[in-house]
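Student: I have a structure open and would like to learn how to read it. Could we go through some features together?

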Amino acid sequence: MRTFLYQRAREPNEAAQLAAAANPPSARSRNKVEYLAGGTTLTDLMKLDVAQPDVIIDINPLTETGHGRIELSQRGLRLGALVRMAEAADHPGVKSQYPVVAQSLSQAASQQLRNMASLGGNVLQRTRCTYFRDVSYSECNKRNPGSGCAALTGFNRPHAVLGGSDQCIATYPGDFAQALIALEAAVEIAGRSGSRTILFANLHRKPGDTPDQETSLRPGEIITSFLIPAAPWTRRSLYLKVRDRQSYEFALASAAVALDQQDGIVRTARIALGGLATVPWRAVEAEAFLRGKSVNEQNAAAAASAAFVGAKGHGYNDFKIELGKRTLIRALQQAAALEL
Amino acid sequence: MTRRDQSSGTIMPQSGPDRRSVLMGTVSSAAAPVIARAAQTEARRVAPSTSSGKPVDIALTINDRAHNVAVDIRTSLLDLLRERLGLTGTKKGCDHGQCGACTVLIDGRRVLSCLTLAVTAQGRNVTTIEGVANDGELHPMQQAFIDYDAFQCGYCTPGQIMSAIGCVNEGHAENDADIREYMSGNLCRCAAYPNIVDAVKQARAQMKTASTQ
C-alpha cells in the first residue's frame with residue numbers, strides 16, 4: 001500500500017475544510033482526497049493499488065453527531081450517512097415502515113462488514129468488475145481512462161445488461177441504492193461552501209464516455225444524510241435478491257419493489273433493479289405499465305418485459321436479461337400478496 | 001503470547017519463547033501495558049495525528065490491557081495484532097474482507113481487522129480470541145466448538161468463535177436459519193458448518209444463562 005497523509009475530522013464542518021485545505025488554490029498538482037468511514041471498500045482497494053489516495057480524512061468521529069442518527073417522523077425517514085448498515089437493517093421502525101430499506105441492507109455483505117460500513121460509503125462502493133479490481137489488466141476505462149474495456153470482450157458474466165456504453169459495462173454492485181432510488185430518496189451533501197440536496201437518482205452517472213466519473217459529487221463534497229419521504233407504498237415493499245449463493249454474495253439480479261394498492265389495483269408502483277445495471281436503476285417503464293392494473297402473472301410479466309426493452313447482453317451475461325425479468329415478476333407478485 | 005495447554009485445552013499465558021518469536025526475533029515488547037484507561041479515553045479526544053511515511057503513535061485497549069504503539073500509518077489492525085503484538089490467534093486468511101478469519105470485536109461489535117486501519121482503532125476496545133477465556137476457563141463458545149467438533153484444520157476457528165460471540169450478543173442466533181445467515185461472513189473450507197451451528201446453539205444457551213445470573 002502507498003503511504004498517505006491521515007487526518008481526522010471531529011466537527012461536521014471540518015471534513016470539507018480539511019478536504020479543501022488538501023488542495024489549496026496555489027497548488028500545482030491535485031492531491032487525491034478520500035473520506036474514510038468503514039473502510040470496507042477503500043482499504044480493500046488501497047491494498048489492491050486500485051485506490052491511491054494522497055490524503056485520507058477519517059470521518060468516523062462524526063458518527064457521534066447527527067451524521068450517525070436515524071430519525072423517523074411523519075414526513076419520512078432520515079438516515080445519517082455515518083449510520084452503519086447493520087444499525088439501519090435492525091432498526092424496528094425501518095423494518096416495519098420501510099421494509100425494502102432494511103431488507104436491502106440485511107441481504108448485503110456479511111454482518112462484520114455491515115457493522116463497519118457506513119450508509120454513505122455503501123452507496124459509493126466501487127464496482128466488483130475483475131478488470132477494474134485487478135491492476136494487472138491494463139485495459140480499464142474506469143481505472144485508467146482511455147485504456148479500453150477488457151470486459152466487453154472478456155469474461156463478463158457478472159456485468160451489466162442495462163445502462164452500459166462501449167466504454168464500460170461494470171455493474172453497480174450495491175443493494176441499498178436500489179431501495180433509495182425506488183423510494184425517490186434525496187441526498188444531503190455538504191461542501192466547503194455549504195450544503196445542497198439532490199435526488200438520489202442524480203447522484204450516480206452512467207458510464208457513457210467517462211466511466212471514471214461515477215457520481216455528481218464535486219471535489220471535497222461529502223454525503224451527510226439520506227431522506228426518504230413517507231408515502232403510501234413504503235410499507236408494501238420488499239427486496240428480492242438472486243445470487244450464486246444464498247448469503248454473502250453480490251446480486252446477479254435483484255428487485256426493489258414498493259406498491260400502493262387498493263382493492264387489488266395498483267395506484268403507484270416503485271421499482272428498481274440491482275445487479276443488472278451500471279448505476280442504481282429505476283424501472284420507470286414497468287412502473288407506468290402497472291398503474292391502474294392488478295399484479296397478476298400476465299401483467300407482472302409485461303411490466304418486466306417493459307423494464308428490459310433496452311437491455312443488451314455481452315455473451316456470458318446474456319442470461320441476466322431473462323433472470324432479471326423473472327426476478328422482477330416474482331418480486332412484484334410477492335409484494336402484491338403481502339398481508340399488511 | 002498465549003499457547004494452548006495440550007492436556008486441558010486451556011489457553012494459557014506463555015512465558016518462554018515459542019516457535020514464532022524465535023523465528024521472528026523481532027516481536028516487540030509492546031504487549032506491556034503502557035497507559036491507564038482514563039488517559040487513553042482522553043487520547044481519543046485529542047488532536048488527530050497526521051503522518052506521511054513517519055510512524056504514528058496510537059493508544060488502544062486490547063483484551064483489557066492498554067497499549068501504546070507507534071505504527072506505520074498503513075498498518076491494518078490485523079497486522080498490528082499479529083506482527084507487532086504477537087497476538088497470532090487472529091488469523092490472516094484473504095486479507096481483503098472476504099473470509100472472516102480475522103474477525104475481532106471492537107467495542108463489542110464484530111468487525112474485520114484486515115480492513116481496519118490500526119490508526120482508526122485509536123481509543124477503542126479490541127477483543128481477540130486471546131481475550132475471551134476467563135482465568136483459564138474457556139469461553140462457552142470455545143468449549144462448544146470443542147464439544148461439537150466444529151472444525152477440522154482450525155484455521156478459521158478463531159474468527160468463527162469471535163463472530164459467533166458477536167452473533168449471539170446481537171440476538172441473531174435465535175434459530176438455525178439466522179445462525180447460518182448471520183455467520184455467513186466466516187468461511188470454513190473444511191465445511192464444518194453443521195457442527196458450527198450446533199456449537200453456537202449450545203453456547204447461546206450458556207451465554208444467556210450467564211448474562212441473567
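**Reading contacts, burial and sheets**

Tutor: Gladly! This is a predicted model, and we can start with the contacts of one residue. Setting aside neighbours within four places in sequence, B:Ala121 is in contact with B:Leu60, B:Leu77, B:Ile106, B:Thr116 and B:Val126.

Student: Where in chain B is B:Ala121 found?

Tutor: B:Ala121 is in the loop that lies between β6 (109–112) and β7 (125–127) of chain B. One of its contacts is B:Ile106; these two residues are 15 apart along the chain, and their C-alpha atoms are separated by 8.0 Å.

Student: Is B:Ala121 buried or exposed?

Tutor: The general idea is to count C-beta atoms around a residue's own: 20 or more others within 10 Å make it buried. B:Ala121 has 24 C-beta neighbours inside 10 Å, so it counts as buried.

Student: Why does A:Leu124 count as buried?

Tutor: The reasoning carries over: A:Leu124 counts as buried because it has 21 C-beta neighbours inside 10 Å. A:Leu124 sits in a loop too, between α7 (119–123) and α8 (130–133) of chain A.

Student: Now a sheet, please. What is the order of the strands in the open sheet of chain A?

Tutor: To read a sheet, list the strands by who sits beside whom. Here the five strands of the open sheet follow the order β4-β5-β8-β6-β7 in chain A, and the pairing is antiparallel.

Student: Which strands stand at the edges?

Tutor: They are β4 (70–72) and β7 (194–199) of chain A; each has a single partner strand, so one side of each is left without a neighbour in the sheet. On average, neighbouring strands of this sheet are turned by 20 degrees against each other, direction ignored.

Student: How many bridges join β4(A) to β5 of chain A?

Tutor: Three bridges join β4(A) to β5 (residues 76–80) of chain A, and the two strands run antiparallel. For a residue-level view, look at A:Leu72, which stands opposite A:Leu77 in β5(A).

Student: And between the chains, how many residues of chain A are in contact with chain B?

Tutor: For an interface, count each side, then ask which elements contribute. In this model, 22 residues of chain A are in contact with 29 residues of chain B. On the chain A side, β1 (5–8), α2 (42–47) and α6 (111–116) are the elements that give two or more residues. α6(A) gives the most, with five residues.

Student: What is that side like by class?

Tutor: The side of chain A that touches chain B has seven nonpolar, eleven polar and four charged residues.

Terms used
Residues are numbered from 1 along each chain as its sequence is written. Chains are lettered from A and ligands numbered from 1 in the order in which they are written. This is a predicted model: local features need pLDDT of at least 70, side-chain atom pairs count only at pLDDT 80 or more; totals for chains, interfaces and linings use all residues. Helices (H or I, at least four residues) and strands (E, at least two) are DSSP runs, numbered from the N terminus. A residue is buried if 20 or more other C-beta atoms lie within 10 Å of its own, exposed if 12 or fewer, and partly exposed in between; C-beta atoms are placed from the backbone. Two strands pair if DSSP finds at least two bridges between them. Axes are lines fitted to C-alpha atoms, for helices over the stretch in contact, and angles run from 0 to 180 degrees between N-to-C directions. Two residues are in contact if their C-beta atoms, placed from the backbone, lie within 7 Å. Ala, Val, Leu, Ile, Met, Phe, Trp, Tyr, Cys and Pro count as nonpolar, Asp, Glu, Lys and Arg as charged, and the others, Gly among them, as polar.
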